[in-house]
Amino acid sequence: VFITGATSFIGRVLLEKILRTLDVSKVYLLIRPRRRSYMADDVISPSQILQTRLRQEILDTPVFNVLRDQSNLETLSEKIVPIG
């Protein structure tokens, strides 16, 4: 599965629904890195920036509370591959 716009509200809802209801091996998310917000620390790699945005702007939001409460979020998050 390949999703664009995953940092939007609808994108997060779609991702949560896919992870909760479908047995997928991988979900690829196109995420723009927004490098400007991380310019203070030049040692952060682009992949680390994508992982940070994935965690902060998608997985840590209330949309994923059900998966978090069921203790499935960490297992299911391994299926998510952010692409920048």
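**Close-up views of side-chain interactions**

Arg53 is buried, its relative accessible area being 3%. In this predicted model, a salt bridge joins Arg53 to Glu57, with 2.8 Å between the closest N and O atoms.

**View 1. The Arg53 and Glu57 pair in helix α2.** Glu57 and Arg53 are four residues apart in helix α2 and therefore separated by about one helical turn. Glu57 is partly exposed, with a relative accessible area of 24%, whereas Arg53 is buried.

**View 2. The salt bridge between Glu74 and Arg55.** The closest N and O atoms of Glu74 and Arg55 are 3.6 Å apart. This pair links distant parts of the chain, with Glu74 in helix α4 and Arg55 in helix α2, 19 residues apart. Glu74 is partly exposed at 49% relative accessibility, and Arg55 is partly exposed with a relative accessible area of 29%. Through salt bridges that share partners, Arg55, Asp60 and Glu74 form one network.

**View 3. The salt bridge between Lys79 and Asp23.** The side chains of Lys79 and Asp23 meet at 3.6 Å, N to O. Lys79 lies in the loop between α4 (73-77) and β3 (80-83), and Asp23 in the loop between α1 and β2 (27-30), 56 residues apart. Asp23 is exposed, at 76% relative accessibility.

View 4. Glu16 is buried, with a relative accessible area of 6%. Its side chain makes a polar contact of 2.7 Å with the side chain of Arg20. Beyond neighbours within four places in sequence, Glu16 is in contact with Val63, Phe64, Val66 and Leu67.

Terms used. Residues are numbered from 1 along each chain as its sequence is written. This is a predicted model: local features need pLDDT of at least 70, side-chain atom pairs count only at pLDDT 80 or more; totals for chains, interfaces and linings use all residues. Side-chain values use heavy atoms; hydrogens and water are left out. Buried means under 20% relative accessible area, exposed over 50%, partly exposed in between (1.4 Å probe, protein chains only). A polar contact is a pair of N or O atoms within 3.5 Å; within protein, one must be able to donate a hydrogen and the other to accept it, and residues adjacent in sequence count only if both atoms are side-chain atoms. Contact means heavy atoms within 4.5 Å. A salt bridge is a side-chain nitrogen of Lys or Arg within 4 Å of a carboxyl oxygen of Asp or Glu. Helices (H or I, at least four residues) and strands (E, at least two) are DSSP runs, numbered from the N terminus.
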